[in-house]
Amino acid sequence: MNRFENNIFGLVRKQDLLQIGYDVTRPNDPVDQLIGDVKTENIIAYWESIASQYNLPVMAMFHSFDVEAQKTLRVPVDLHNIEKGLIKVKIDQSERLQQLMKRGVVQEGQLYDRVLDDGYNLSEQVFTRSKVAKNELLATGKVTIKENGLDITVDYGVPSANLQKTIDFGAGASKPVDEQLLDLTEAAEAAGKPITGIYTSKAMLNRLRKDASLQVDINGSTMAGKLLSRAALEAFLSTEYGITRLLINDLHYSKPLTMGSDGRPVVTDMRYYPVDKITFFSGDGTIADGLWGDPPEVVAANYMKQAEVDASEVSPYVYVTQYAEADPAIVWTKASGLFMPALYDPNSLYVATATETPGT
């Protein structure tokens with residue numbers, strides 16, 4: 001019995017495709033600890049519900065019994081082009097299966113499983129783009145979409161001064177690093193957004209561990225030049241500055257594969273988070289949500305109903321679909337998702353860049 005849908009080689013059952021696209025959280029990815037993932041039927045309405053640049057508690061007023069109640073104001077919402085956050089990728093399934101058959105994979109069950117594997121791999125590529133966007137938000141306070149003819153910058157309203165901080169590790173710095181950290185944390189407290197965590201690279205963490213002013217503060221003047229343990233640094237940051245969370249991201253990804261002159265795919269290695277940045281944030285849990293909505297393919301085709309199965313109440317973050325072309329005869333597998341991070345409080349984010357002013 002032919003397992004492929006409608007006897008079309010490479011086309012699998014929609015019921016099987018609907019099992020893909022749920023595993024959006026990567027347990028070992030630190031960005032998911034700060035920016036969650038939420039699936040919503042109305043991404044715009046959800047964005048409006050968490051818009052929080054006006055998140056301070058608003059006071060009502062006492063009134064006498066014969067005075068009309070004061071009218072409050074609704075919070076304005078900037079939708080930030082969130083409907084432009086469509087991520088999608090596809091692969092030529094027919095070509096893929098022909099290559100597998102030439103390599104000795106001929107059993108129908110194995111070929112069917114390889115098609116599903118492609119669906120999972122495509123969904124992972126969509127998930128990877130969402131992680132890149134999350135890290136860009138943490139590193140710059142913005143998300144840029146400059147690909148496939150789009151040129152969009154999603155500005156979350158983080159004050160420019162918050163994004164222009166520096167940590168000067170040089171001998172010619174105007175203040176030692178410990179005082180620079182104190183200035184930054186005190187400014188955040190004065191603004192009502194006490195810093196509770198750091199998100200950075202291991203290289204930046206090690207620069208803090210090697211800093212003489214911190215070494216003296218923690219271990220005494222005779223210990224200058226001796227590398228601080230991470231545990232000692234974390235305890236100091238917690239006690240002195242109220243920084244109780246320290247997240248390190250040195251993970252890498254590749255830009256979309258390109259074909260090299262040798263006919264083999266070329267991998268472009270990239271960091272998710274810059275090596276010379278350090279993000280300070282306020283909040284104990286997540287500080288933003290990654291909002292996932294239904295891509296146009298699902299809305300237009302009413303894909304869930306086409307599947308003719310008892311669908312789960314929870315729909316996938318990424319939808320994997322297939323379609324066939326007659327001339328040339330190609331079956332395509334495509335993964336797509338509508339995604340955009342939504343920052344709870346633009347004033348709770350501070351980003352510093354490492355500098356090094358030489359001594360005189």
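A: Lys 90 lies over the face of Trp 332, 4.1 Å from the ring centre; a charge counts as over a ring if NZ of Lys or CZ of Arg is within 6 Å of the ring centre and within 35 degrees of the ring normal. Please keep in mind that this is a predicted model, where local features need pLDDT of at least 70, side-chain atom pairs count only at pLDDT 80 or more, and totals for chains, interfaces and linings use all residues. Residues are numbered from 1 along each chain as its sequence is written, and side-chain values use heavy atoms, with hydrogens and water left out.

Helices (H or I, at least four residues) and strands (E, at least two) are DSSP runs numbered from the N terminus.

Strand E1 (residues 35–39) runs parallel to E13 and is joined to it by 5 bridges, with Asp 37 bridging to Gly 290. Strand E15 (residues 330–343) pairs with E13 in the antiparallel sense over 6 bridges, and here Gly 290 has Pro 341 as its bridge partner.

Let's follow the side chain of Trp 292 next. The structure holds 6 aromatic pairs, counted when ring centres of Phe, Tyr or Trp (its six-membered ring) lie within 6.5 Å; planes under 30 degrees apart are stacked, over 60 edge-to-face, and the rest tilted. Phe 127 and Trp 292 make an edge-to-face pair, 5.8 Å centre to centre with 85° between the planes. That pair links distant parts of the chain, since Phe 127 sits in helix H5 (residues 108–140) and Trp 292 in E13, 165 residues apart. Phe 127 is buried at 1% relative accessible area, and Trp 292 is buried at 0%.

Trp 292 has an edge-to-face pair with Tyr 317 too, at 5.9 Å and 75°. Tyr 317 belongs to the loop between helix H11 (303–306) and strand E14 (319–325), so this pair ties E13 to a part 25 residues apart in sequence. Tyr 317 is buried, as is Trp 292. Ring pairs link Phe 127, Trp 292, Tyr 317 and Phe 339 into a cluster.

Technical notes:
Pairing = 2+ DSSP bridges. Buried < 20%, exposed > 50% of the residue type's maximum accessible area, 1.4 Å probe, protein only.
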